[in-house]
Amino acid sequence: MLPQRLKPDHFKPKPRLRSTAHRDWVRSHHCSVPGCQLMPIEVAHVNRASTRGIGQKSSDAFTVSLCREHHAESHRGERTFEAKHGIRLLKLAEEFYRASPHRSKLDDPYV
């Protein structure tokens, strides 16, 4: 008797959504809010990113550096946060991704 067949998607590579090295690199920057010098710095996932599902974080490719206070504020409304501080989170996350020495560890969501 033959063993059970593998599912068709078994051989597809799993998406690379997480990279500790990339998150550490993002965290090594000051807060992305202009003029902010607060600490500690946290890695903030941009919630409007296309790879996010219900109850899931976005890919680490969609991350920016924010101090704890601004990170909490961003979760109360990203569009309001962007307007108040004059930054575009998705564009900034792409800049972090493109400059990261660890981006090869993540799938490129910007293609």
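Analyst: The answers below set values against definitions. This is a predicted model, in which local features need pLDDT of at least 70, side-chain atom pairs count only at pLDDT 80 or more, and totals for chains, interfaces and linings use all residues. Residues are numbered from 1 along each chain as its sequence is written, and side-chain values use heavy atoms, with hydrogens and water left out.

User: Why is histidine 70 called buried?

Analyst: Buried means under 20% relative accessible area, exposed over 50%, and partly exposed in between, with a 1.4 Å probe and protein chains only. Histidine 70 has 11% relative accessibility, so it counts as buried. This residue is found in helix α2; helices (H or I, at least four residues) and strands (E, at least two) are DSSP runs, numbered from the N terminus. Leaving aside neighbours within four places in sequence, histidine 70 is in contact (heavy atoms within 4.5 Å) with Cys31, Val33, Cys36, Phe81 and His85.

User: What makes α2 oblique to α3?

Analyst: Two packed helices are described by the angle between their axes and the distance between the axes. Axes are lines fitted to C-alpha atoms, for helices over the stretch in contact, and angles run from 0 to 180 degrees between N-to-C directions. The axes of α2 (residues 68–75) and α3 (residues 78–85) come within 6 Å and cross at roughly 130 degrees. Angles under 35 degrees count as roughly parallel, over 145 as roughly antiparallel, 65 to 115 as roughly perpendicular, and the rest as oblique. Therefore α2 is oblique to α3. In this contact, His70, Glu73 and Ser74 of α2 meet Glu78, Phe81, Lys84 and His85 of α3.

User: Why is the aromatic pair of tryptophan 25 and phenylalanine 96 called edge-to-face?

Analyst: Rings of Phe, Tyr and Trp (its six-membered ring) pair if their centres lie within 6.5 Å; planes under 30 degrees apart count as stacked, over 60 as edge-to-face and the rest as tilted. For tryptophan 25 and phenylalanine 96, the centres are 6.0 Å apart and the planes 85 degrees, hence an edge-to-face pair. Tryptophan 25 lies in helix α1 and phenylalanine 96 in helix α4, 71 residues apart.

User: What makes the pair of phenylalanine 62 and tyrosine 110 tilted?

Analyst: The rings of phenylalanine 62 and tyrosine 110 are 5.2 Å centre to centre, with 55 degrees between the planes, and the pair is tilted. Phenylalanine 62 lies in the loop between β1 and β2 and tyrosine 110 in the segment after α4, so the pair ties together parts 48 residues apart in sequence. Phenylalanine 62 and tyrosine 110 are both buried.
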